[in-house]
Amino acid sequence: MHRVVVVGGGVLGMMHAAAARHRGYQVTHLEREAGSRGATVRNFGLVWVSGRAPGAELALALRARALWEELAAVVPGTGFRPH
């Protein structure tokens with residue numbers, strides 16, 4: 001089995017860890033804090049859709065939002081808010 005280490009428990013770290021697990025990797029996910037307080041949170045920890053350029057940029061933002069919502073449905077405390 002392939003293994004991967006993900007450092008950071010913010011939006012980016014969480015999504016990378018989830019994607020690796022979905023692809024069958026064994027994942028070790030490291031976060032220095034009990035809760036998310038790192039770079040993603042300092043950068044608002046949001047998956048923004050508003051203000052995106054039509055086309056590829058908006059499509060990617062919508063996909064990221066959908067993935068975050070799916071993850072929040074199975075991971076308690078993820079913090080997804082659809083506002």
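Trainee: By about how much are E69 and R65 separated in helix α3 (residues 56-74)?

Mentor: This is a predicted model, in which local features need pLDDT of at least 70, side-chain atom pairs count only at pLDDT 80 or more, and totals for chains, interfaces and linings use all residues. Residues are numbered from 1 along each chain as its sequence is written, and side-chain values use heavy atoms, with hydrogens and water left out. Helices (H or I, at least four residues) and strands (E, at least two) are DSSP runs, numbered from the N terminus. E69 and R65 are four residues apart in α3, so their separation is about one helical turn.

Trainee: What is the N to O distance where the side chains of E69 and R65 meet?

Mentor: A salt bridge requires a side-chain nitrogen of Lys or Arg within 4 Å of a carboxyl oxygen of Asp or Glu. E69 and R65 form such a salt bridge, with an N to O distance of 3.1 Å.

Trainee: What is the relative accessible area of R65?

Mentor: Residues under 20% relative accessible area are buried, those over 50% are exposed, and those in between are partly exposed (1.4 Å probe, protein chains only). E69 is partly exposed at 37%. R65 is also partly exposed, and its relative accessible area is 24%.

Trainee: Which residue forms a salt bridge with E57?

Mentor: The structure holds two salt bridges. In the one that involves E57, the closest N and O atoms are 3.6 Å apart.

Trainee: How is α1 oriented relative to α3?

Mentor: Axes are lines fitted to C-alpha atoms, for helices over the stretch in contact, and angles run from 0 to 180 degrees between N-to-C directions. Helix α1 (residues 11-22) packs against α3 at about 75°, with the axes 11 Å apart. Angles of 65 to 115 degrees count as roughly perpendicular, so α1 and α3 are roughly perpendicular.

Trainee: What pattern does the protein follow along the sequence?

Mentor: The secondary structure comes to three helices and two strands. Read along the sequence, the pattern is β-α-β-α-α.

Definitions and conventions: Parallel < 35°, antiparallel > 145°, perpendicular 65-115°, else oblique.
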